[in-house]
Amino acid sequence: MLTPYVLARNMFDEMVDSAFSGYNSTGLMCTDIRETAEGYELAIDLPGVKKEDLSAELKDGYLCVSATVGHTGKQDETKGKFLRRERFVGTVRRSFYVGGKVTQEDIRARFEDGTLYLFVPKEEHLAAVEPKKLIAIEG
């Protein structure tokens, strides 16, 4: 997904920053991931995002978080017109591989003060579901 440049930077600076320091030019979805004995705790910054504009989905072992930022309505001409807009408006999305054994029910999430907190258990700490062992009946 292409996003507009917020800061005036040359391509080389951005390539070096993104490759080595995790520079995020939009300032959105900056994520801290902490490993604990039981699993992983993610804290994703989502400034200006409302809970109803946020979604988290588990698909094929990937936890995908997306958010719609800003408004898409028309500007009110009676309040004046914008000469410059530097705030990001649009949809942002991040994906994290969590493994094939993790289910949607295993993940806990809460949204508080512009930060989405997620807990993903380690695969070895998931409750083992015993498969049914049926005996074939002939006749």
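## Strand β4

Six of the eight residues of β4 are buried, so the rest of the structure largely encloses this strand. The model is predicted. Strand β4 covers residues 62–69. In its sheet, β4 sits between β3 and β5 in the order β3-β4-β5.

## The three-stranded sheet

Strands β3 (54–59) and β5 (90–97) form its edges. Each has a single partner strand, so one side of each lacks a neighbour in the sheet. Neighbouring strands are turned by 15° against each other on average, direction ignored.

Strands of a sheet pair through backbone hydrogen bonds, and the pairing is either parallel or antiparallel.

## Pairing of β3 with β4

Six bridges join β3 to β4, and the two strands run antiparallel. Ser55 stands opposite Ser66 in β4. Lys59 faces Tyr62 of β4 in the pairing, standing opposite that residue.

These two strands form a hairpin, with two residues between them. Asp60 lies in the turn. Its phi is positive, at about 55°.

## Pairing of β4 with β5

Eight bridges link β4 to β5. This pair is antiparallel too. Within it, Val65 stands opposite Arg94 in β5.

## Cysteines

How many disulfides does the count come to? The count is zero disulfides. The cut-off behind this count is a pair of cysteine sulfur atoms within 2.5 Å.

Cys30 is partly exposed, with a relative accessible area of 33%.

## The chain as a whole

The chain has one helix and seven strands.

The chain holds 139 residues, and buried ones make up 24% of them. Its accessible surface comes to about 11,100 Å². Carbon and sulfur atoms account for 51% of that surface.

Sequence separation can be read from the contacts. Take those between residues at least 6 apart in sequence: 54% join residues at least 24 apart.

How values were computed:
Residues numbered from 1 in each chain as written. Predicted model: local features only at pLDDT ≥ 70, side-chain atom pairs only at ≥ 80, totals over all residues. Heavy atoms only, no water. Helix = DSSP H or I, 4+ residues; strand = E, 2+ residues; numbered from the N terminus. Buried < 20%, exposed > 50% of the residue type's maximum accessible area, 1.4 Å probe, protein only. Contact = heavy atoms within 4.5 Å. Areas by Shrake-Rupley, 256 points an atom, 1.4 Å probe, with all protein chains shown as cover. Pairing = 2+ DSSP bridges. Axes fitted to C-alpha atoms, helices over the stretch in contact; angles between N-to-C directions.
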